[in-house]
Amino acid sequence: MDTKRLHFGRWRKFLLICSIPAITSAVGTSFLPESPRFLLEMGRNGEALYVYKQILSWNNAIKSREEYQLTEIEVPGKRPTVHISIPSNRGILREILRSLEQCWDNVSQVFSPPHTFMTLFLLAAWMTASFGFYGITISLHEYTRKLEEVDFKSKTVKQANAVVQDENINTTIENAHITNYSFVNVRFYQMLISHCIFQDCSFTNCTFSNIRSSK
């Protein structure tokens with residue numbers, strides 16, 4: 001009996017590895033401070049000032065002995081309501097072109113000095129991470145299957161050139177390669193035969209009852 005389907009828990013490993021970025025983000029978020037704007041709106045001005053100091057320190061904007069200059073902060077007010085006018089049918093194309101031009105101006109600003117290097121660096125890092133993650137996602141399943149298949153085949157039990165006579169066999173036979181065996185008056189019952197190959201074997205006056213095999 002030969003089957004090429006190997007039954008492993010590959011999907012569990014695949015799911016675990018794919019969840020690593022989400023788990024890392026969840027853990028990293030717990031170490032981030034609250035937004036200064038949120039702290040100001042909640043009346044926690046001292047904590048907001050401390051967060052601003054941390055941000056400035058992380059950005060290496062101050063030296064070790066230099067004092068932080070900001071001493072007062074203003075609670076943000078309510079944002080003004082923006083009224084959007086719907087252009088007439090005659091000006092739709094002109095409004096679209098104006099919006100595209102404004103969008104291009106905003107995008108071009110991040111590629112202009114002094115932001116050019118940082119923008120290109122972040123773009124390269126994002127593309128590398130994206131292609132790397134999705135590449136691993138696509139190829140990991142097949143790669144894991146190959147590794148487990150090689151490991152499974154390396155543990156195959158090989159038996160050859162024997163005669164089994166007048167026996168009752170009800171043990172599991174799994175991952176075995178049996179060659180040139182002769183079974184005479186053998187009863188096979190209540191047993192599992194999984195991933196086995198019987199090559200050049202003979203069965204004489206043998207009975208089989210309640211035999212289960214791998215799919």
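Below are my entries, from the whole chain down to one residue.

**Ground rules.** I am working with a predicted model, where local features need pLDDT of at least 70, side-chain atom pairs count only at pLDDT 80 or more, and totals for chains, interfaces and linings use all residues. Residues are numbered from 1 along each chain as its sequence is written, and side-chain values use heavy atoms, with hydrogens and water left out.

**Overall fold.** I looked up the elements and found six helices and four strands in the protein chain. Helices (H or I, at least four residues) and strands (E, at least two) are DSSP runs, numbered from the N terminus. Their order from the N terminus is α-α-α-α-α-α-β-β-β-β.

**Burial and surface.** Of the 215 residues in the protein chain, 18% are buried (under 20% relative accessible area; exposed is over 50%, partly exposed in between, with a 1.4 Å probe and protein chains only). I noted an accessible surface of about 17,500 Å², with 59% of it on carbon and sulfur atoms (Shrake-Rupley method, 1.4 Å probe).

**Annotated spans.** An unreviewed UniProt entry gives "transmembrane region" for residues 14-32 and 117-136; such annotations may be inferred rather than shown by experiment. In the model, residues 14-32 are 79% helix, with end C-alpha atoms 29 Å apart. Residues 117-136 are 100% helix, and their end C-alpha atoms lie 28 Å apart.

**Val110.** Which helix holds Val110? I found Val110 in helix H5, residues 92-110. Val110 is partly exposed because its relative accessible area is 39%. Beyond neighbours within four places in sequence, Val110 contacts His115, Thr116 and Thr119 (heavy atoms within 4.5 Å).
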